[in-house]
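Work through the exercises below with the sequence and the model in view. Each task is followed by a stepwise solution.

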Amino acid sequence: MELQEKSRWEILQQEQKLMEEKNKRKKAFLAKAIAERSKRTQAETVKLKRIQKQLQALDDMVSADIGILRNRIDQASLEYSCARKRYDKAESEYVTAKLDLQKKTEVKEQLAEHLSTIIQQNELRKAKKLEELMKELEVEADEENLELEVEVEQMLQQQETEARRQEIETQKLAQVDVQCTDSQTLSKGHENDNFRNINGAA
């Protein structure tokens, strides 16, 4: 009975030792796994920090560019606003000036037309009055001769105007010729002086 109990006790001890050894190995394996995972975690942490640092550098660079662009956009928006105001003002002034010009042109044309009508009516009244006077004085006018005289007078005036214009152009050409002659004479005088200076030196 004691032998059986001892044997059983030994068996339990062996099982206990075996279990303790297994637990010890499991514990060592687990510690090793934890250590390796910790190393990987630290490496991943370092890598993550490096990536975050690179991303932060990119963000800083982009932030600087964005700040510069925003400042330029603000300045461009201000300049655009000022230019838009000037354009709107100029456009308004242009429209107002154009309408005023059209109005003034219409008034001018109306006045010119009115003046022409007044002159024409006055000439008609004068012609009628002259006819009445000629009838009273028993004088007859040759319409063809009158028209011919008017045409001859107009032609003479045109010829006189053309002659004056040609005379003015001739005077201008003469002045140019005189200036050219004076310039050539002055140039020859300088050449003669230079020639005499050279001979004297020789």
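**Exercise 1.** State which residues make the nonpolar surface patch of about 260 Å², and classify Leu 58 by accessibility.

Solution. Ile 51, Leu 55 and Leu 58 make the patch. Patches take residues with over 30% relative accessible area and no salt bridge, joining like charges within 9 Å and nonpolar side chains (Val, Leu, Ile, Met, Phe, Trp, Tyr) within 5 Å. Areas follow the Shrake-Rupley method with a 1.4 Å probe, and for residues only the protein chains shown count as cover. Leu 58 has 47% relative accessibility and is therefore partly exposed; buried means under 20%, exposed over 50%, partly exposed in between (1.4 Å probe, protein chains only). Leu 58 belongs to helix α1, residues 2-136. Helices (H or I, at least four residues) and strands (E, at least two) are DSSP runs numbered from the N terminus.

The model is predicted: local features need pLDDT of at least 70 and side-chain atom pairs 80 or more, while totals for chains, interfaces and linings use all residues. Residues are numbered from 1 along each chain as its sequence is written, and side-chain values use heavy atoms, without hydrogens and water.

**Exercise 2.** Describe the salt bridge between Asp 100 and Lys 104.

Solution. A salt bridge puts a side-chain nitrogen of Lys or Arg within 4 Å of a carboxyl oxygen of Asp or Glu. For Asp 100 and Lys 104 the N to O distance is 2.6 Å. The two residues are 4 apart in helix α1, so about one helical turn separates them. Asp 100 is partly exposed at 36%, and Lys 104 is partly exposed at 48%.
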